[in-house]
Amino acid sequence: MPASPLAPAWLSFPADTSALEEKIWSAHTRRSSSGELTVAGVGVTDLVREFGTPLFVIDEEDLRARAVAFRDAFNAAFADLCGGVDVYYASKAFLTVDVARWVTEEGLRLDTCSGGELAVARRAGVSASELGLHGNNKSIAEIEMALELGLGRIVVDSLDELERIGRVAEATGQRANIMLRLTPGVHASTHEFIATAHEDQKFGLSMVDDGDGSPAERAVAAALSHPRLNLVGLHAHIGSQIFEADGFAVAAQKMLRFMAAIADEHGVELPELDLGGGHGIAYTEADTPRPASELAEALAAVVRSTIAELPIRCPRISIEPGRAISGPAGMTVYEAGVTKTVAVEHDGGTLPRRYVSVDGGMSDNARPVLYGADYTATLASRVTETDAIISRVVGKHCESGDIVVRDVYLPEDVAAGDLIAVPATGAYCWALSSNYNYLARPAVVAVREGQTRLMIRRETEDDLLARDMGA
Ligand SMILES: *Cc1c(COP(=O)(O)O)cnc(C)c1O
């Protein structure tokens, strides 16, 4: 069967449906001589026999290597500018006790955005000074916890919250290390960024003058004059799945100029500037992320030239990659069940589209439903000579939008019992998982040098009923 007009323009017809495109799969994923996928030397059929499906498989060395790549690339690029860079892993992308240990072992710090994420980080033994706390609506209990632990930084999201943190710090006699999250009016996503004057979103302090200076200026003045608040710097996070450096560069420039204005007005050079996360990864062949080194060098060049024009020293820079560290390291392995071919009306006639139902779906990968995210997939348990047909991998939930992979060419003979692997599911999949339709959440297994380690066990029927007080 030839290329299908039903396929989106970005999807190319595969010469070989068993081929693995390097940029999409974790570094140690291969197809063995017998035809099945292996991760760090362990075959998916063995993994599935032991841990069941759906299964999240994490290539541990790949995740660690990406953490190291960000750490080394940014430290090298900024070494002569501000002594290096602190890389905070944005743990909301994928956090388990093991993951917190891995990234901190590789020299990263950890960003959290709830008491629950903080609890996981603490259980992993991450030191409080290496932890950040985000969120636009931190509870008093979360603020108290952060102060009691003495977190390295609490990223303050609003004037309201600044007051709250000040009050808790006064009441408990503690000091809070804070950063202010500003909205520099740069919104970046994938290949484009837009600059807007006004902010109409829930996060951050606006830099736009509202008649009484800007909320950002008022927050800086309030923080500097508060005896229990230690303002360590400013923060900006401009979006996610960003491939180009230009959006980051515009934000960095704007933030540095604002820091110079603060120095001019208050006589204080804030020591730190966080440029957020959002570094893109390849989910499909259409995505072409830049290596960390390219982004780091582009950003360092902008920071260098901007600082040269300003009467302040370069602040210590930090960044917060999430998906770029854990995303490509993970894949999901499903078992195929029901398949069918439908006739789709097209150009006065009909064209076939194959539906392959798998044993998970929107409960283990909400991103397609949530953002229309695209993924790809491959037949993971064998290779076949049959033709490729335009296919849609769908879940087993009671929603017609329950799509895992909207468009992919799969071999025509994919059938019940085959294993289907979906790459680049290491970030925002397990983290966003749910029990919709009372499906048990999958297990998460790490593979490293031929060894497996169960990170999160699969939920059981007892787990599903454990909090039901009528049961
Ligand atoms: C989500 C988030 C990140 C990480 O985003 P990625 O796209 O996973 O890199 C970093 N910083 C903040 C403040 C975030 O909200």
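A word on labels before you click: helices (H or I, at least four residues) and strands (E, at least two) are DSSP runs, numbered from the N terminus. This is a predicted model, so to speak of local features pLDDT has to be at least 70, side-chain atom pairs count only at pLDDT 80 or more, and totals for chains, interfaces and linings use all residues. Residues are numbered from 1 along each chain as its sequence is written, and side-chain values use heavy atoms, with hydrogens and water left out.

**Stop 1**

Select Ala40, in the loop between strand S2 (37–39) and strand S3 (42–43). Ala40 isn't a glycine, yet its phi is positive, about 45°. Ala40 is also buried, at 15% relative accessible area (buried is under 20%, exposed over 50%, partly exposed in between, with a 1.4 Å probe and protein chains only).

Now jump to Tyr438, in the loop between strand S22 (419–423) and strand S23 (443–448). Here too is a residue other than glycine with a positive phi, near 55°. Is Tyr438 buried or exposed? Tyr438 counts as exposed, at 55% relative accessibility.

Next, pick Thr53 and Pro54: the peptide bond between them is cis, with omega near -15°. Pro54 belongs to the loop between helix H1 (44–51) and strand S4 (55–59).

**Stop 1: aromatic rings**

How many aromatic pairs does the structure hold? There are five. Rings of Phe, Tyr and Trp (its six-membered ring) pair if their centres lie within 6.5 Å; planes under 30 degrees apart are stacked, over 60 edge-to-face, and the rest tilted.

Show Phe70 and Phe74, a stacked pair with 6.0 Å centre to centre and 10° between the planes. Phe70 and Phe74 sit four residues apart in helix H2 (residues 60–82), so about one helical turn separates them. Both Phe70 and Phe74 are buried.

Then go to Tyr283 and Tyr375, an edge-to-face pair at 5.2 Å centre to centre and 75° between the planes. This pair links distant parts of the chain, 92 residues apart: Tyr283 is in the loop between strand S15 (272–274) and helix H9 (292–308), and Tyr375 in the loop between helix H11 (367–371) and strand S19 (378–379). Tyr283 and Tyr375 are both buried.

**Stop 2: a strand pair**

Select strand S8 (residues 153–156). Arg153 and Val155 point one way, Ile154 and Val156 the other way, and all are buried. Strand S7 (residues 131–133) pairs with S8 in the parallel sense over two bridges (strands pair if DSSP finds at least two bridges between them). Look for Leu133, which stands opposite Ile154 in S8.

**Stop 3: the ligand**

Finally, centre on the ligand.

- Lys92: an N or O atom in its side chain is 2.7 Å from an oxygen atom of the ligand.
- Gly278: a backbone N or O atom lies 2.8 Å from an oxygen atom of the ligand.
- Glu320: a polar side-chain atom lies 2.6 Å from a nitrogen atom of the ligand.

Conventions:
A polar contact is a pair of N or O atoms within 3.5 Å; within protein, one must be able to donate a hydrogen and the other to accept it, and residues adjacent in sequence count only if both atoms are side-chain atoms.
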